[in-house]
Amino acid sequence: MWWLGDIRESLECWERAYSGFRRRPDPAQAASVAIQLAVIYDANFGNHAAAAGWVARAARLVDEHALEPLRGWVLIARATDADPGQHEAMARQAHQLGRTSGDRHLELCALTQIGVALIDQGRITEGMRFHDEAMADALAGEGELDTVVFTACEMMDSYSRCAQYQRMAQWIRAADRFVERYGCPYLNASCRTHYGEVLFATGDPDYEEARLVWNDLIDKRPALIARCAGVGDVIDSVNFARENDLLMAVRGGGHNVAGNGVCDGGLVIDLSPMKRIRVDPERRTVRAEGGATWADLDRETQVFGLAAPGGKVSETGIAGLTLGGGIGLLRRKHGLSCDNLLSADVVSADGRLLTASETENADLFWGIRGGGGNFGVATTFEYRLHPVPKSWPPP
Ligand SMILES: Cc1cc2nc3c(=O)[nH]c(=O)nc-3n(C[C@H](O)[C@H](O)[C@H](O)COP(=O)(O)OP(=O)(O)OC[C@H]3O[C@@H](n4cnc5c(N)ncnc54)[C@H](O)[C@@H]3O)c2cc1C
């Protein structure tokens, strides 16, 4: 269940398994289940108290029944709360226990934890060597399938803390192939929700494609393209650009003729993966993410016989068009796109997520209705919808 992404159901199964092993009694199995429960409470629910309780339970079983190889897992679970120096020592001890007991899963997870501890001590190059080794082995099929999830998630957190985005992106691509082969929605969601994709000016075909915009005459070469999967990626990208004094451009649908959605030498915040749309047919409103085009939006509103006033062609982005005003086929009856904007979520230059509407941050709301894209990164737009014939244009 955990592998398929149903974390709550899997938690219940693990808890039942723990009780079963205690009754049998099978202390070794009970201790490993307790450790698994600690990992789930910590990683999936952020419940450190419950996680600590399960680690304590496992540690007691390990001590009472001298379950030596499992001591390594207790060390790993406890190491994350220790200071970086102790963390490293505990992870090295766990690594040794993994080697002597032949537990390859433990060995690779311990290598990952040594990497985490070294990076947290500022020993970045050394730490990356451990992460890279653990990832290479895990993806080559050493250890267990779970090893890939553990090593990949810890590596992503660690590399993002020390801003090693290029290396992280390379491993995410390698992990993508693993996800395709074994179908692990959890890992996929973790990679794609928390981290979209970062493309670098390296001549990579994905980069070459991502820097292109509608106007073929535009030939700009950004240093980085952050393909954002969600608001978290946008906030991280804005903060990264500000802290590193980088020029920044925002790309919605990429239809700006002057090519303002890309820049030379800076960071492009590419919203094109962000296309989630939700229509509320009762209230006649729609919320759409900043990477949607009018075709994406019309597809969702049309089934309810509703439309938000857009432009004349459906391939332009809702973001740039709305921020610039938006003159379209419904203008005479319902006004411009910006007249129908009810609210927008905007990431400001200092990395805060603001809501702009008539009642919240009203001055920002005034600015984004026609003022263009310089007020922040608009991640979500909420529009008023109007009834239209279900097939448009009408026959
Ligand atoms: C073929 C074609 C047809 C068109 N038809 C119409 C039309 O009928 N009516 C009309 O009004 N206009 C029309 N336009 C103009 C179009 O609306 C603008 O070019 C608009 O900027 C395109 O939006 P985009 O998101 O696709 O562009 P992008 O190039 O991605 O962005 C345009 C500008 O907005 C900024 N921006 C984009 N997304 C965001 C965001 N989420 N937050 C903050 N800033 C952002 C960018 O940085 C850039 O400065 C047309 C353009 C083309 C090429």
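How many residues of the shell around the ligand are nonpolar, polar and charged? The shell divides into 13 nonpolar, 16 polar and two charged residues; here Ala, Val, Leu, Ile, Met, Phe, Trp, Tyr, Cys and Pro count as nonpolar, Asp, Glu, Lys and Arg as charged, and the others, Gly among them, as polar.

The model is predicted: local features need pLDDT of at least 70 and side-chain atom pairs pLDDT 80 or more, whereas totals for chains, interfaces and linings use all residues. Residues are numbered from 1 along each chain as its sequence is written.

**The ligand.** Select the ligand first. Around it are 31 residues, the closest being Gly252, Gly253, Gly317, Gly320 and Gly373 (near means a C-beta atom, placed from the backbone, within 6 Å). The ligand lies between domain 2 (199–270) and domain 3 (277–387), because both give residues to its shell; these bounds come from an automatic or database domain assignment. Next, select α14 (318–323), which gives the most to the shell, with four residues (helices are DSSP runs of H or I, at least four residues, and strands of E, at least two, numbered from the N terminus).

**Lys220.** Move to the loop between α11 (205–210) and β2 (224–227), where Lys220 is found. Lys220 is partly exposed, with 17 other C-beta atoms within 10 Å (buried means 20 or more, exposed 12 or fewer, partly exposed in between, with C-beta atoms placed from the backbone).

**Helix α2.** Finally, select residues 27–45, helix α2. Its buried residues, including Ala30 and Tyr41, pack against α1 (7–23), α3 (48–64) and α4 (68–79) (contact means C-beta atoms, placed from the backbone, within 7 Å). Just after α2, Gly46 takes a positive phi of about 60°.

Technical notes. The expected span of a helix is 1.5 Å times one less than its number of residues. Two residues are in contact if their C-beta atoms, placed from the backbone, lie within 7 Å.
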